[in-house]
Amino acid sequence: MTIQDEHAVDTLHQAAGAAAHGAADAHGAEEGVDIVHHLADSHVMEFPPFGEIHLPEIHLFGLDLSITKYTVYMWIAAALLLLILLPMARRRGGVYHGIYNAFEALIVYVRDEIVYANIGREDGRPYVPFIATLFFFILFMNLLGLVPYGGTPTGNLAVTGVLALFSMVVIEISGIVVNGPVRYAKSLVPEGVPLFLAPIMIPIEIIGHFAKPFALMIRLFANMTAGHVVILSMLGLIFLLKAWLVVPISVGFALFIFLLELLIAFIQAYIFSVLTAVFINLSRHPH
Amino acid sequence: MDLLSAEPGLIVWTIVTFLLLLGILWKFAWNPILGALDAREAAIQKTIDDAERLQAEAEAVLKEHQQRLAEARAEGNRILDEARQAGEHMKKDILEKARGESEKVLERAHRQMELETEQAIQTIRTQAADLALRAAEKILERSLTGADHRRLADEALAELVERGG
């Protein structure tokens, strides 16, 4: 091990230590990139080197309802969706041009390949608005993380948790409405299972009902966070190793991961909505 | 704030944002857009169905026309055949009639010739008898009497008639 290598390893330790401190002393991490600070929610929107915006803090009913960085990006995503879809809806004649054409392709894809393919053409029609909203909202929030100064609200458990909760509500209500409360409750004990197994089966099935949305929440959060962590780590290597040689390699890998994230932004939006559709269908036709 | 934290503020804002977004998009975006897409698909389907129906109709009409054409052609051929047969028939008739006519004419000519031959022979016979008589008169004028004349002439005449009979 050369002296230079030892220096690099030392720096790595320093930076890791600094990163571990988290947002609390972000400015103290002179030697590296504070990854957690970049990914965690915050009351401040930073636009280096231009400055930063301090978001208003709101406290209501004993809850901290402050507008945070991710709240703002979530609203930007929602606003973009409204800006695109509302004018598109006013187009008459059903022939779309330009960007509407691209959205039409996505909408038809969501309708045919996600909803109709899993729930059925007749049964699936009422679910299209919900699942399409889910798909586009998640997609836009995912993509916002790839914009300079942007942030990914879906890289936060609060956001993915709420979306998963809505999925769960829709899944369970569809099951109850379609089958009736009694038959739906009976599906907790699958047919053909001996009655004495019920004490085991019922908790397992109930856990299963919660595990599905829980998995949705974790999957989206982890995928969106992981990509950013990898990109920031790649770029962080430049500041850690302080060697010009690292720059092309780091940037190259970061670019590769960035493109991968672009793909993952679509894939995760697709997976979240398609799994919601699959679970809705399972719930409508238990066993 | 921590990476794994779920702040209540963000939870509440996400619920509010998603519900508002869902409501607005449902009423003002998804319903019109999906309706337009459905209408367009229905229109396309209708156009395709119409096109298929029209094509089927056109094919039926074409088939009917072809059938009619074939029938007309067969009819024409039949008429032509009939005409040809009739012509053939007529030709045969005319030929037969002509042949019969010519035979009749020929026969009449034959008969005429026979008749004339007969007459000629008759004429020749009477003239020959006169000539013979006159010659015999000249020979016998000096040796025979009137009575002998008469008797010899009758005998010669009888003989001639008998021979020419």
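## Confidence in the predicted model

Over residues 1-30 of chain A, pLDDT stays under 50, and for this stretch the model has 33 contacts beyond four places in sequence. The structure described here is a predicted model, and the positions of those residues should be read with that score in view. Among the elements of chain A, helix α1 (residues 3-21) has the lowest mean pLDDT, 45, whereas α6(A) has the highest, 93.

For chain A the average pLDDT is 82, and 87% of the residues score at least 70. Chain B averages 88, with 95% of the residues at 70 or above. For the complex, the predictor gives an ipTM of 0.82 and a pTM of 0.71.

## Layout of chain A

Chain A contains 10 helices and 4 strands. Along the sequence these elements follow the pattern α-α-β-β-β-β-α-α-α-α-α-α-α-α. Of the 287 residues of the chain, 36% count as buried. Among contacts in chain A with a separation of 6 or more, 62% are between residues 24 or more positions apart.

Two of the strands illustrate local pairing. Strand β1 (residues 44-47) of chain A and strand β2 (residues 51-54) of chain A run antiparallel and are joined by 4 bridges. Together β1(A) and β2(A) form a hairpin, with 3 residues between them. Within this pair, M45(A) stands opposite I53(A) in β2(A).

## The nonpolar cores

The largest nonpolar core has 57 residues, and the members that touch the most others are A77(A), L81(A), I131(A), F135(A), F137(A) and I138(A). Elements of both chains give two or more residues to this core: from chain A, α3 (69-90), α4 (99-119), α6 (128-144), α7 (157-179), α9 (198-241) and α10 (246-284), and from chain B, α1 (8-140). The largest share, 13 residues, comes from α6(A).

Not counting residues up to four places away in sequence, F135(A) touches V110(A), A269(A) and S273(A).

Helix α6(A) is mostly covered, with 16 of its 17 residues buried. At 1.5 Å a residue, these 17 residues should span 24 Å; the end C-alpha atoms of α6(A) are 24 Å apart, so the two values agree.

Helix α3(A) has 22 residues and reaches 32 Å from its first C-alpha to its last, close to the 32 Å expected at 1.5 Å a residue. Its buried residues include Y70(A), Y73(A), M74(A), A77(A), L81(A), L85(A) and M88(A), and K69(A) and T71(A) are also among them. The buried residues of α3(A) pack against β1, α4, α6 and α7 of chain A, together with α1 of chain B.

## The contact between the chains

The contact between the two chains takes 40 residues from chain A and 31 residues from chain B. On the side of chain B that touches chain A, 25 residues are nonpolar, 3 are polar and 3 are charged.

P32(B) and W13(B) are 19 residues apart along the chain, and their C-alpha atoms are separated by 27 Å.

## Individual residues of chain A

V230(A) lies in helix α9 of chain A. V230(A) is partly exposed, because 18 other C-beta atoms lie within 10 Å. Although V230(A) and I35(A) are 195 residues apart along the chain, their C-alpha atoms are separated by 9.4 Å.

Y149(A) lies in the loop between α6 and α7 of chain A. With 11 other C-beta atoms within 10 Å, Y149(A) is exposed, since a residue with 12 or fewer counts as such. Y149(A) has a positive phi of about 70° although it is not a glycine. Most residues other than glycine have a negative phi.

How values were computed
Residues are numbered from 1 along each chain as its sequence is written. Chains are lettered from A and ligands numbered from 1 in the order in which they are written. This is a predicted model: local features need pLDDT of at least 70, side-chain atom pairs count only at pLDDT 80 or more; totals for chains, interfaces and linings use all residues. A nonpolar core is a set of buried Ala, Val, Leu, Ile, Met, Phe, Trp, Tyr and Cys residues joined through C-beta atoms within 7 Å. A residue is buried if 20 or more other C-beta atoms lie within 10 Å of its own, exposed if 12 or fewer, and partly exposed in between; C-beta atoms are placed from the backbone. Two residues are in contact if their C-beta atoms, placed from the backbone, lie within 7 Å. pLDDT is the predictor's confidence in each residue, from 0 to 100. Ala, Val, Leu, Ile, Met, Phe, Trp, Tyr, Cys and Pro count as nonpolar, Asp, Glu, Lys and Arg as charged, and the others, Gly among them, as polar. Two strands pair if DSSP finds at least two bridges between them. The expected span of a helix is 1.5 Å times one less than its number of residues.
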